[in-house]
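The sequence and the structure are shown first.

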Amino acid sequence: MTPLVELRGVSRVFPAVRPVTALRPTDLTIRAGEWVAITGRSGSGKSTLLQILGLLDRPTSGSYRLDGEDVSGLSDRARTRLRSSRIGFVFQSFHLMAHRSALENVTVALLYHGCPRRQRVARAAEALDRVGLADRAGAMPTTMSGGERQRVAVARALSIHPQLLLADEPTGNLDSATAEEVLSLFVRLNDEGQTVLMVTHDGQVAARARRRVEITDGTVREVTVDA
Amino acid sequence: MRDLIGEALAGIRARVHRTLLTALGVVVGIAALVATLGLATTAGARIVSHFDELAATSVTVLPANDGGPERAQSAIPWDAPERVERLNGVVAAGTMSTLDLPGTPVRATAVVDPLASDVTQPPLVAASPELLGAVRGSLLAGRWYDQGHSDRRDGVVVLGGRLAARLHLADVSQSPAVFVGDRAFTVIGVLGTVERVPSLLDAVILPDGTARTRFGLAAPLSVVVETDVGAAALVAGQAPLALAPQQPDALVAQRPAEPEATRAKVAADTQALFLALAAVTLAIGAVGIANTMLVSVLQRVGEIGLRRSLGATRGSIALLFMLESALVGLFGGVLGAALGVLAVVGVGYLRQWTPVMEPWLTPGGALLGAVVGLLAGIYPAWRASRVEPVAALRADG
């Protein structure tokens, strides 16, 4: 079976007077259905890795195959189209639009996904149902708890049925109780077959993942997880 | 596109107060523009309609040119006002004859002083007592003469207001005299306004009976008729017959032509000034919108990054902000056009004018607001399109 994500010798160097190497040549393979946690201290290069995986940034060298297709050389426009169809993002600061209801926040993703107007509301409602917020569809983000907001953000990412769900410190702005609420959601989604890739600096959060990858000074290393 | 308009509207709804304040400059600019143009057309229409009303109710009967002097003199009878007033639709009628008396100066004093400044040679007009009503005149002071003065050939005159001012004869309670040639006349009144024949304000007006004996006026030279609205044509057709049944073709009935000049030159200077002011206000409004949109772009870096990561292209981000800016402008334009119309109607109400506006002015004003907004949005939209999707990872909010 073709791996979902296949990085070969991918590196990222930020050009400057003294160029900064954020990511040394890296190989990484992620199969469909996996839940991978990428850990590392701040500045270790984990965000750079996430950006490359999420097609937000282009590697300086190496090749990136997403579902068998080489995407490392694609144009800005082509990468944008791929993002809207294959990749769901969950950010640390939820990025919900404060004056739009939970449902409307989810439909924005479907808008750029190219989903016809009529189906949008139905699919958004379905995504909210998956994260257990069916009854909060009309609520404004300002009236929701942090956990609920992050679940709306997850629903927004899920609404397009992404092949890859990328989460950047999804529990970073939450207290431990609500963090658990969100984490158990990720567990359930992964059980349902959703491929999840999560960046975190929190060891406890990473421990919930099925597979851990640690990144130190731009170098990636597998961490063996005891079964 | 429909979706983007929806998104833009939602973006505006989220910041209602800011939108209101942002649109204020455009509101004022468009309001000033619409009000200026609206008031110009209203004032123009008022002058024209006032003139039309005067013209539609005015008939002047003159001797026909080809009649020859003798015939012309006898064509209009002395009882012309009476005869014309019997016709249907006539409100008032009076005879008016400008006396042709070259070398007859009018003075306020009897002393012939070669250096005197009070010597003028104003037109001398013989008029029947009914003329005052027929020309819609009003008196500034004193009184108008009556049929008795005319029958007795009294030596009385009424001065036009401008002439009285030139002769320093404003106070008629002292019964001052003016000298027409060598003959003294008592001034019994001063004309204030004359709507139909403004030239009377510069004239010396005396009863036609007096003119007959003192200046040898053989017959009235014209009859000025005021008719009901719409009756002018009828009266013009009948008046020559009523005045001279034996030779109606010796007379012609005239209706005045429109003064095109009045129509064209309506306060053009003030209009230009206000239009310039409106343009400046609009420019300030545009800068205001651009500024607010730019701040909005900076505040919404996270949202823009998110939209980009969700698959929004640079173009669609730029379009979104252009639309928001244009909608703010349109909103300001609609509000401003409404205020402008209100101002025109309000002035019309206070001055008792009929508000007249070009039909394109209101939608045009609103549309101009949208265009101003669109132009103001170009730079902020470009800035927004430069935001990288990575911004969503870093930004708070």
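## The sheet of chain A

In this predicted model, strand S1 (residues 5-14) of chain A pairs with S2(A) in the antiparallel sense, over 7 bridges. Within this part of the model, A:Leu7 stands opposite A:Leu28, which belongs to S2(A).

The pair is part of an open sheet of 4 strands in chain A, arranged in the order S2-S1-S4-S5 with antiparallel pairing. Strand S2 (20-30) and strand S5 (69-70) of chain A each have a single partner strand and stand at the edges, so one side of each has no neighbour in the sheet. Helix H1 (residues 46-53) of chain A packs on the sheet, where it touches S1, S2 and strand S4 (61-66) of chain A. The direction of H1(A) makes about 125° with that of S1(A).

## The contact between the chains

Chain A contributes 24 residues to the contact, and chain B contributes 20 residues. On the side of chain B that touches chain A, the elements giving two or more residues are helix H1 (2-13), helix H12 (301-309) and helix H15 (391-394) of chain B. Of these, H12(B) gives the most, with 5 residues. By residue type, this side of chain B consists of 10 nonpolar, 5 polar and 5 charged residues.

## A helix of chain B

Helix H13 (residues 314-351) of chain B has 38 residues. From its first C-alpha to its last, H13(B) reaches 55 Å, close to the 56 Å expected at 1.5 Å a residue. Just after H13(B), B:Gln352 takes a positive phi of about 60°.

Terms used
Residues are numbered from 1 along each chain as its sequence is written. Chains are lettered from A and ligands numbered from 1 in the order in which they are written. This is a predicted model: local features need pLDDT of at least 70, side-chain atom pairs count only at pLDDT 80 or more; totals for chains, interfaces and linings use all residues. Two residues are in contact if their C-beta atoms, placed from the backbone, lie within 7 Å. Ala, Val, Leu, Ile, Met, Phe, Trp, Tyr, Cys and Pro count as nonpolar, Asp, Glu, Lys and Arg as charged, and the others, Gly among them, as polar. Two strands pair if DSSP finds at least two bridges between them. Axes are lines fitted to C-alpha atoms, for helices over the stretch in contact, and angles run from 0 to 180 degrees between N-to-C directions. The expected span of a helix is 1.5 Å times one less than its number of residues.
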